[in-house]
Amino acid sequence: MEKLRIVFMGTPDFAVGILDTILKNNFEIAGVITAADKPAGRGQKIKYSAVKEYALAHNLHLLQPVNLKDESFLAELKALNANLQIVVAFRMLPKVVWEMPALGTFNLHASLLPNYRGAAPINWAIINGETNTGVTTFFIDDKIDTGAMILSKETAIDSNENAGQLHDRLMNLGSDTVIKTLELIQNGSVSTTIQTDDSNIKTAYKLNKENCKIDWTKPALTIHNLIRGLSPYPASWCIFSDKNQEWNVKIYESEIIYENHDYNPGKIISSKKELKIAVKDGFIQLLSLQFPGKKKMTTSELLNGITFSEEAKAS
């Protein structure tokens, strides 16, 4: 049995959950690598990554390279004398980094590879209406999420589960999977499966303003899946128009009402407590949303302060 000395690389909350589990299982963390500090928000205050916050709180050796090929960083990394590296939600590594440790570098990805390689696997699994997903550990190679797979674990996706809820469940599932992967490597009993490509593989494209916008001409289920797949972050959005005003509105939670009607897609129908948008096969009932400059609120809270005319529409 080989004693593992690990360098952990990650940035967001998802990675923190994995790092915490590794520490609690008494594996040695030689160092932690995370993103460089950067200004964020209206005040442009310097913001630490979630992984940096955790590393500081637990007195872990921390590196924050801007350039992963920088000679001084590579020297510091080598000096940590790690024999294994783990990557969770970080960035693409140059070969000189991922090939450095004797036992290799493995990644935890929040999908059942080879499907949903890329930046936003949790979101796209829900957006595309998948009924199951999972996590995969694999050894990193010179492409993105294509390396030889070690372990994968599957879980069902509930029909109304949002990305935030699935994120938390996959973090727990991923933690267990990483520990099992570490045990296999430590015992010298790890085996891998080569990923096979075909034309049906789905991709987890980077999210942007355009692919987060709601198209109200789409079927109700497609729209509902987009809303929950982007909730709570970055959130789906659309434009509300009424009384010569327009608002960019974020939508966080919805329900489907299947019903025949003669309304044009995008028509806003509201009462004192209900707000729904007409689509071709029914209505999308909005349950929580956010107007510009306002906090996120329930529909009933919104309707306490705003009324919509017969001409109101969403686009």
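Me: Where does Pro232 lie?

Reply: Pro232 lies in the loop between helix H7 and strand E12 (236-242). Helices (H or I, at least four residues) and strands (E, at least two) are DSSP runs, numbered from the N terminus. The model is predicted, so local features need pLDDT of at least 70 and side-chain atom pairs count only at pLDDT 80 or more, while totals for chains, interfaces and linings use all residues. Residues are numbered from 1 along each chain as its sequence is written, and side-chain values use heavy atoms, leaving out hydrogens and water.

Me: What kind of peptide bond joins Ser231 and Pro232?

Reply: The bond between Ser231 and Pro232 is cis, with omega about 10°. A cis peptide bond also joins Leu113 and Pro114, where omega is about 10°. Pro114 lies in the loop between E7 and strand E8 (117-118).

Me: Why is Tyr116 called buried?

Reply: Buried means under 20% relative accessible area, exposed over 50%, and partly exposed in between (1.4 Å probe, protein chains only). Tyr116 has 4%, so it is buried. Tyr116 is found in the loop between E7 and E8 and has a positive phi of about 60° although it is not a glycine.

Me: Is Asn244 buried or exposed?

Reply: Asn244 has a relative accessible area of 86%, and therefore it is exposed. Asn244 is placed in the loop between E12 and E13, and its phi is positive, about 60°, although it is not a glycine.

Me: Why is Leu56 called partly exposed?

Reply: The relative accessible area of Leu56 is 43%, so it is called partly exposed. Leu56 is found in helix H2 (residues 50-57).

Me: How many residues line the largest pocket?

Reply: The largest pocket is lined by 46 residues, and Thr11, Pro12, Ala89, Phe90 and Ala119 lie nearest its centre. On a 1 Å grid over the protein atoms alone, a pocket is an open set of points with protein on both sides within 12 Å along at least five of seven lines, and lining residues have an atom within 4 Å of a point. The volume of this largest pocket is about 1800 Å³, a volume being the space filled by probe spheres set on the grid points, which are joined across faces, edges and corners.

Me: Which element gives the most to the lining of the second largest pocket?

Reply: E13 does, with four residues. Of the 15 residues in that lining, Asn160, Asn162, Tyr252, Glu253 and Ser254 are the closest to the centre.

Definitions and conventions:
1 Å grid on protein atoms, 1.4 Å probe; cavity = no way out; pocket = protein on both sides within 12 Å on 5 of 7 lines; lining within 4 Å.
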